Amino acid sequence: MRETDRRVSILLFCWHDSWQLLQALLKTKLMPGNKYNCSPVTPRTRLERLLKERESRKFNQSFLPNEGEAEFYGNDSFFSENENWGLLNEEEFLAAARAFSDRKEKQDMRPSKQRLLVVANRLPVSAVRQGHESWNLEISAGGLVSALLGVKEFDTRWIGWAGVNVPDVIGQRTLTEALAEKRCIPVFLDEEIVNQYYNGYCNNILWPLFHYLGLPQEDRLATTRSFQSQFAAYKKANQMFADVVNKNYEEGDVVWCHDYHLMFLPQCLKEYNNKMKVGWFLHTPFPSSEIHRTLPSRSELLRSVLAADLVGFHTYDYARHFVSACTRILGLEGTPEGVEDQGRLTRVAAFPIGIDSDRFIRALELSQVQDHIKEFKERFAGRKVMLGVDRLDMIKGIPQKILAFEKFLEENPTWRDKVVLLQIAVPTRTDVPEYQKLTSQVHEIVGRINGRFGTLTAVPIHHLDRSLDFHALCALYAITDVALVTSLRDGMNLVSYEFVACQASKKGVLILSEFAGAAQSLGAGAILVNPWNITEVAASIGYALNMPANEREKRHYHNFMHVTTHTSQEWAATFVSELNDTIVEAQLRTRQVPPMLPIQATVDLYMQSNNRLLILGFNATLTEPANTLGRRGGQIRDMDLKLHPELKEPLRKLCDDPKTTVIVLSGSDRSVLDDNFSDYDMWLAAENGMFLRLTKGEWMTTMPEILHMDWVDSVKRLFEYFTDRTPRSYFETRATSLVWNYKYADFEFGRLQARDMLQHLWTGPISNASVDVVQGGRSVEVRAVGVTKGAAIDRILGEIVHSKEMREPIDYVLCIGHFLGKDEDVYTFFEPELPSEYPPLARPRVADPVRTSVATVRSGSKVSCLKKQRSLSTLERRASNHLTTVAWRPTLRDKMSLIEGSSVLDLKADHYFSCAVARKRSNARYLVGSSHEVVTLLKGMAGFSFQNGN
Ligand SMILES: O=P(O)(O)OC[C@H]1O[C@H](O[C@H]2O[C@H](CO)[C@@H](O)[C@H](O)[C@H]2O)[C@H](O)[C@@H](O)[C@@H]1O
Ligand SMILES: O=c1ccn([C@@H]2O[C@H](COP(=O)(O)OP(=O)(O)O)[C@@H](O)[C@H]2O)c(=O)[nH]1
C-alpha cells in the first residue's frame, strides 16, 4: 500500500464523520511532503488524535445551531417549532418562516453526525397505554437518562425496553411508531422474562453483588436455586436486545451498550458482526475480584464484556477491579491499556459521567422554578433545609441517613425546631421483595423519629415516596442548605452534581458518602463521610449547618467548577471518541500473522551468499519440541535441554564453513550452552546475550551496567513457594534472571499457579524493582530490566565483526528462534531504517568502558547510539512494518563502517530472514511451525538432502 493510501485509510477510520474527512483530505493534499503520519491533519499520538477530534467537535458545535432537546424529541418542522403560528400576523408568519428556512438550509449544509445507537435496559421514556392504539410517553427518572439527554453531538437513537408488557401485535406496532418520533426503538420483553432477567438476575443478583451488599439474606438459598434459570433468561434477554440492534445497525454506527443489564450484549453483537464498533459502560461500581469470583457465571460475563472494543467505568478503582477480575479469573494479561487476550486488546478506561449543568443553571431562571422557590422558602422559613434525593434503594443508605439525622437531633436539642430533612425517595424496582421490605423499614424509622421529635405544627423529617418534576427538583436543590448523600455504594451519584449546579447563589454544603463514585470528583468541596458511621455523619451535619460563609464559598467553588466543566456531553463525546480511536489503534496494533518461511528460497540465497550470519535460538528451536519430551509412563525423561540429535551433523558443517558465522543466542545460562555446543566452532550468547564467548575463548559480559539484582531473594522465595506446590515444576537461578518452569507439570494446574504467581509478583517482590516479566508458554521469567536479545545483539555483532576481521561484507542474515515478547526486538534489529520523527524508546545506557570487554564497548556504544535514532513505539513500528513499503536502507552497514572503517554489511532486503518458531504472532518476517522445520532448514543449508513442502 502506498504511503498516501495508508494515510487516507487511517483517516477514514479516524474521522468517520464525512465533514471532518473532507477537511482532512483537503489538508492532506496541501501537505504532500509530510510522510509517516506527521502532518497536522493526521495526529501521530493518541493524545494528539483526541485533542484534534475535540477541536473539530468544538468547531462543528459553534457552526451548528443549538438543537437542544428538540432534536431528541423529533421536532423538525416549522409548525412544531412555532406552536403559536395560528396567532401570528402575515408579516410575523413570513419572518418566522424565513428564519426557519434559513436555519434549515444551514442545517442541511452541516456535516452529517455520526450515528450512535445507545442500548440500555430502559428507554429514556416509559410508555403507558391509553387506549387500544394510543400511548402516553413519559421521560423516565434516573441518572443514565439525565446524562444521555445532554448528549447532542451525535445522531442518537435509543434501543431499550419501554417498561411495559405489550403482548399484542397492534400494541407493539403502535408503540414502535410512537417511540420512533422520539428516536427510540423498543425491545419487547414479556412478563416472564422481565421477572427472571430484570427483577431476578439483574436486580436481585448482580445489583446487590456489584454494590457489595451480597445476595439478599433471607432468600439466599432460593436465589441460589433459581440462579440458572435467571441466568438463562438474562442471556435470552440480551440476545433479544442484540437482535434489535442488529436490525437497526448501519455500517459505521457506534453501538454503546450500557450497564450491568447488558453484559452479554457485546459478545452477541460481535458474533453478528465482528466489525461493529462496540463500547460498553458500567454505571454501577465494579466490585473487587474477590466479590466477582463468587458469581457462578463470573467467567462468561467477563468474557462477553471483553468482546467489546472499549469498556468504561466511572472511576479508576472500578476499572482496576475489572482488569484484575480478568487476570485472576480468566488468566488474561492486564496491561496499562486494558486486557489482552491472544493479541486482541480490549481497552479499559475510566470515564466519569457528568450532568448537563447548563440545563440546571438555566432552569433556575424559569418562572415555574422561581414560583417553587418562593413557595418552599415560605414553607420552611426560619429553618435550615437539609435534602436527600434518592431512588428508594438499599444502596442509597436511606435508613443510615435518617438514623444519623436522629442522632444529630438527639445530641443537639437547640437545632430541633431549626432544621428540617426533606427526603425524596423515588420508588424503584417495586416488584423485588427486598425493595418492598426497604420501603416498610424506612417508613417505620421516619414515623418513629417524627413521633419522637415532632410537634403539633412541625415534623423534623418530610419523607416523600414519589418522584418530583424537574422544576420542583431544581427549586429544592436551590433552597437547600445541606445536601446529604449517604450511599453505601453508588456508581457515581448524579444528585450530588445537580445539587452543586443549582447552588450558585446559596453555596450550600454537600455531605457525601466516600463510597459514591462522585466522592472522587467532588471530594475537594464536599464533607466526605462513611455512611456506616452514624456518629461521624451526625457530627458532619452539625459541622455543615454551622459552617462559616467563606468556607462554604470556597468548597462550593471547587465543586461548581468541576460540575460545569465535566459535563455529560463531554463524557459521552469522550467515550465515543475513544471508541473510534480504539478501533483505529486496534487496526494498527493487530500484528499480521507473518507468512511461512520459504525454506527453499532461504536455502538458495544462503548458497549464493559469501558472508553469512546465522543467529539461532536454542530452546524450542534447536531442541526437540517440548511435547515430545513430555512424560513417559509418568516419568519425566530428561529435564536438561539437549540439541536435537538430527541437528548435530548439519550444525557442525555450517560452523565449519568459513563463509558462515553461527551464533546461538539463548535465554539459557552459560553451562547449558557449554554442555551442548563446546565442540562446535561458533559464538555462544547466554542469558539473552548478557554473556558471550567464542567457543574457543572465554565468557565475557556484554551489559554489566544492567545488573541490579536486589530483587532476586524475594522473587526466589516466591518461586520456591510455587515450586513446592506445583508438582514437577522447577526454577532456575541465572545471573540476570529467575525462571520458573512448569512445562513438565499438569498444564492446566501449572497455568492456574502461574496466574496466581504473577499476581503475587506484581503486588509484592517486584512492585518497585527494575525488572521485566516474560511470560512463556509454560514459564514465568523475571529478569533485570533491559536485558533483551535485541539490546544485546548490537554489542555482540560489534564483537564478532571485530574479532573475525571480516574481509567481505555480511550479505546474508538468518535470525530464527522461539523468542518471547520482549526478545522479539532481535528480529527487527536488521530491519530497514524507519522514520525518525518519533520519540526514541528508552534503551539501556552505554556500558562503562573500563569494566567491559574492550571490543564490545568499542562497537556497542556506537551502534546503540545510532540505533536510537530509528526507535519507534511498538505500535508505530508495527504499523510501519506492515503498512508501508519503505526503501531498503541498510543502516547497519553504515554502523559497521563506522566501527571498522570499512564496509562490513551489504544486506539486500531479500537476503534477510527473521523467523519465529512455533509462534503465531510475531514481529518476525516469517514463521515456521516447529523445530522440525528448523531441522529441515539447517539440513538444507548444510547441503544435506531434505524434503521440503514449501
Ligand atoms: O431503571 P431502574 O432499574 O429503575 O434504575 C435506574 C438507574 O439506576 C442505576 O443508575 C446508575 O447510573 C447513574 C448514572 O451513571 C449513576 O450515577 C448511579 O450511581 C448508578 O446507580 C442503573 O445503573 C441504571 O441502569 C438505571 O437505569
Ligand atoms: O424525583 C426525582 C428524583 C430524582 N430524579 C433524577 O434521578 C437521577 C438519580 O441519579 P443518581 O445518579 O443520583 O442515582 P441513580 O438513581 O441513577 O442510582 C438524577 O438525575 C435525578 O435528577 C428525578 O428525575 N426525579
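Which residues is F313 in contact with, leaving aside its neighbours within four places in sequence? In this predicted model, the list runs through W280, F281, L282, F286, Y318, A319, F322, V348, A349, A350, F351 and P352.

As background, nonpolar side chains in soluble globular proteins tend to be buried together.

**A buried serine**

S297 sits in the loop between α12 (289-292) and α13 (298-306). Because its relative accessibility is 2%, S297 counts as buried. Not counting residues up to four places away in sequence, S297 touches Y201, F227 and F231.

**The parallel sheet**

Now for the strands. Six of them form an open sheet with parallel pairing, in the order β14-β13-β12-β15-β16-β17. At the edges are β14 (461-464) and β17 (527-529), each of which pairs on one side only. From one strand to the next, the twist averages 20°. The pairing of β16 (residues 509-513) with β17 is parallel and runs over three bridges, and I511 stands opposite I527 in β17. Helix α20 (residues 494-501) packs on the sheet, where α20 touches β12 (384-391), β15 (482-485) and β16. The direction of α20 makes about 170° with that of β16.

Averaged over the chain, the pLDDT is 79, and 75% of the residues score at least 70. For the complex, the predictor gives an ipTM of 0.96 and a pTM of 0.68. Two stretches call for care, and here they are side by side.

| Stretch | pLDDT | Contacts in the model beyond near neighbours in sequence |
|---|---|---|
| residues 628-638 | below 50 | 16 contacts |
| residues 833-902 | under 50 | 141 contacts, beyond four places in sequence |

Where pLDDT is low, the predicted coordinates should not be read in detail. The model does have 141 contacts for residues 833-902, yet pLDDT stays under 50 there. Likewise, the 16 contacts of residues 628-638 go with a pLDDT below 50.

Notes: Residues are numbered from 1 along each chain as its sequence is written. Chains are lettered from A and ligands numbered from 1 in the order in which they are written. This is a predicted model: local features need pLDDT of at least 70, side-chain atom pairs count only at pLDDT 80 or more; totals for chains, interfaces and linings use all residues. Side-chain values use heavy atoms; hydrogens and water are left out. Contact means heavy atoms within 4.5 Å. Two strands pair if DSSP finds at least two bridges between them. Helices (H or I, at least four residues) and strands (E, at least two) are DSSP runs, numbered from the N terminus. Axes are lines fitted to C-alpha atoms, for helices over the stretch in contact, and angles run from 0 to 180 degrees between N-to-C directions. pLDDT is the predictor's confidence in each residue, from 0 to 100. Buried means under 20% relative accessible area, exposed over 50%, partly exposed in between (1.4 Å probe, protein chains only).
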